[in-house]
Amino acid sequence: MKHATAFFVMVSLSGFATAQSGYQLEFNDQQIAAPKSPTDFPAWLAAMKAWRTQQLAEFHYDGSNYDRPEFKWAQSSFVQPQMMIEDRYFYDPKSRTYTVKRYLDDLKKRYGGIDAVLIWPTYPNIGIDDRNTDDMFRSMPGGIPAIKKMVSDFHRNGVKVLFPIHPWDVGTRDPKATWGEVLPATMAEIGADGMNGDTMLAVTKDFFDNSVKDGNPLVYQPEIGLAKTNDQLGWNTMDWGYWDYGPRPPMVSRTKWLEPRHMVNVCDRWSTDKNDLVQYAFFNGVGVETWENVWGIWNQMTDRDSESVRRIATIERAFPDLLTSPDWEPHTPMLQSNNVFASKWPRGGATLWTIVNRSGLEAQGDEIWAPYEAGTRYFDLWNGVELQPRIQGQTATLSFPIEPHGFGAVLAFKGKAPAILGRVCAAMKELSARPLDGFSKANPVLYQTITPLKPTKAASSAPEGMVQIPAAQFDFVMKGIEIEGEDRVGVDVQYPWEKEPRRSHRHTLAVPSFYIDKYPVTNEQFKAFMNSSHYKPADGQNFLRDWKDGTYPDGWARKPVTWVSLEDARAYAAWAGKRLPHEWEWQYAAEGTDGRTYPWGSTWDPSKVPAPDKERSLTPASDVDAFQGGSPFGVMDLVGDVWQWTDEYTDEHTRAAILRGGSHYQPQGSMWYFPQAYRLDQHGKYLLIAPGKDRAGTIGFRCVVDAWP
């Protein structure tokens, strides 16, 4: 989730490279700079080839894995989204099924479909309790059998499936073996095709070797794209590209140059205009990471960017063998070299040019000069038409237009036309009839709605175990604690009085009087509900997971009930004639009207809360009455014991619940675990998919009852 910062270094090539060209290449972690001018191209290309030869020899490169049939798919995996399992297009909690077709149909409609998918079941929820990476996989709805079927559904639609590796997951439950042993075995169990190395420069060879041993060889894709390292290229046959898209002449992928069969999916998760990214990908003959649901924050590609992806993928998928040519020539000379840049991909008597116009003006007229042989035909693939070259001796000059900030592609061949040529030209002719600039560049904001709470029967006095909270004008001040997203629109939630989701909130609202449970609902109280109602959730996965034989462990009567979903908590509340609190009601009951930071005041006092649990295995919560950190109204156990369910928010792609109060469990060793929110002006946003996955060993609840006016 974090990525390396690009920086340039001058590399003085030694030995053969310097002797051959005298040209010094400029690198950053993942890219090589273009020649400084067109006249430098011969020396630059010689230096590039010499550097590649020197590097491959230096680490005794073995490219045999790229020849393995089970890894061939990666060389044409041009479009890959990172997909949150909580995306509502992917799973239907009512039917309790993975809706793979619905998910794929949406992507096919918007940008032409995908070749692989990175399925993400972990961050940002991981660390809410002690479930580790593998546990989070297995907690997905339906468990391993349903996941295995879901993977098969993707395969039936021609889509490969990857899951993440989290090397930083060192603070949750100890898996009792290395991740390099555990995760490949799980991937074999479910039939997955690869793994993405989150935060990793390279996935270490133990992962690869163990996947082979498990009989399910996996493609590995480090997030940081083999930055600063080349010697692990042989088994990391894909990577992500966090590239610098700024330079006008496109930079060259370092890993793709070293091994032309290597696939990069370039990524810029928060960008709102991806044209530079898509141009750099097409120029380098690689793919894109079409990441839109970023940790439950929707950053949809613009219609223009989506259409660009559709068109480049149409061409790339048609000619993947050319795009792995060992004779790839980036920055091949072009006739409009100040604005138009191309890579040339020759192989087997055919040549493909992938072209980008980096100017805001249309490129018109002569574009390519090429040696001519009688019988050679040329096709403008982008516009789906055959070109008629201007022949002068042994030279063919090709003329065609490229729209502003647009793309071009030309195929040359002699002899029999490729079988796919007619279909590609027909498709591209239809697509290109509408210029890319005819598509919207707007980024839609997904507006959220709050799930309504049904009022209770109003009480005229405090029900047993509840505290009355008087009516007030309450200054509600709140900030979401999401690790990523900064202050962009779409982060956190959209309260009913707001125009869009945002991280920071402030609003004065009239809060009617209500009654709230003095303590969170205990195991003893939940057991009474179970005995009376015979409640049985439709999705029973992880329900009351720490109970045995229908009851809680000895000594747990006064501990807050956990491993209950939002739906379970609502069922209890309805049985009791209560409801869950709105978040602002919970906060007002905890804070009063003086804006204090904690229920007991504005100075942190560790004696008011349970000692943090920093071990790898989750220990039980404290009794609800074990500490005296009450609010101004006498409401107890509000922070530091268990998180508490409040409101639910929904947009087209994501559901999320607001958790209040923090918990005693604090896994150590990484900044990526679900953060704590003991402060009363902070809340946690917890992504929802289905009750079985949503339940956690650190989430409980308390209830409210409406008061007579």
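Modeller: Before we start, contact means heavy atoms within 4.5 Å. Please also keep in mind that this is a predicted model.

Biologist: Thanks! Leaving aside its neighbours within four places in sequence, which residues is N125 in contact with?

Modeller: N125 belongs to the loop between β8 (116–120) and α4 (133–138). Its relative accessibility is 2%, and buried means under 20%, so N125 counts as buried. Setting aside neighbours within four places in sequence, N125 has as its contacts E86, M136, F674, Y686 and L687.

Biologist: Y686 is in that list. What is the bridge partner of A657 in β34?

Modeller: Let's begin with the strands. Strand β33 (residues 655–660) and β34 run antiparallel and are joined by five bridges. Within β34, A657 has as its bridge partner Y686.

Biologist: How many of the seven residues of strand β34 are buried?

Modeller: β34 spans residues 682–688 and is mostly covered. Of its seven residues, the number buried is six.

Biologist: In β10, what is the bridge partner of P164?

Modeller: Strand β9 (residues 160–165) and strand β10 (residues 194–197) run parallel, joined by four bridges. On the β10 side, the partner of P164 is N196.

Biologist: What is the bridge partner of V266 in β15?

Modeller: Two bridges link strand β14 (residues 263–266) with strand β15 (residues 287–289), and these strands run parallel. For V266, the partner in β15 is V288.

Biologist: P81 is in the loop between β4 and β5. How far apart in space are P81 and I658, C-alpha to C-alpha?

Modeller: P81 has 2% relative accessibility, so P81 counts as buried. Apart from neighbours within four places in sequence, its contacts include Y103, L107 and Y111. I658 is 577 residues away from P81 in sequence, and the C-alpha to C-alpha separation in space is 27 Å.

Biologist: Y111 also belongs to α3. Is α3 roughly parallel or roughly perpendicular to α10?

Modeller: The axes of helix α3 (residues 100–111) and helix α10 (residues 303–318) come within 7 Å and cross at roughly 95°. Angles of 65 to 115 degrees fall in one class, so α3 is, relative to α10, roughly perpendicular.

Biologist: How many of the residues of the contact of α3 with α10 are charged?

Modeller: K108, K109, R110 and Y111 of α3 make the contact with S306, V309 and R310 of α10. Two of these residues are nonpolar and one is polar. The number of charged residues is four.

Biologist: Why is helix α9 largely enclosed by the rest of the structure, and how many of its nine residues are buried?

Modeller: Among the buried residues of α9 (275–283) are N275, Y280 and F283. Helix α9 is largely enclosed because the count of buried residues, out of nine, is eight.

Biologist: How many disulfides does a search of the whole structure find?

Modeller: A disulfide is a covalent bond between the sulfur atoms of two cysteines. C267 is buried, with a relative accessible area of 2%, and C425 is buried at 9%. Across the whole structure, the number of disulfides found is zero.

Key: Residues numbered from 1 in each chain as written. Predicted model: local features only at pLDDT ≥ 70, side-chain atom pairs only at ≥ 80, totals over all residues. Heavy atoms only, no water. Axes fitted to C-alpha atoms, helices over the stretch in contact; angles between N-to-C directions. Parallel < 35°, antiparallel > 145°, perpendicular 65-115°, else oblique. Nonpolar A, V, L, I, M, F, W, Y, C, P; charged D, E, K, R; others polar. Disulfide = S-S within 2.5 Å. Buried < 20%, exposed > 50% of the residue type's maximum accessible area, 1.4 Å probe, protein only. Pairing = 2+ DSSP bridges.
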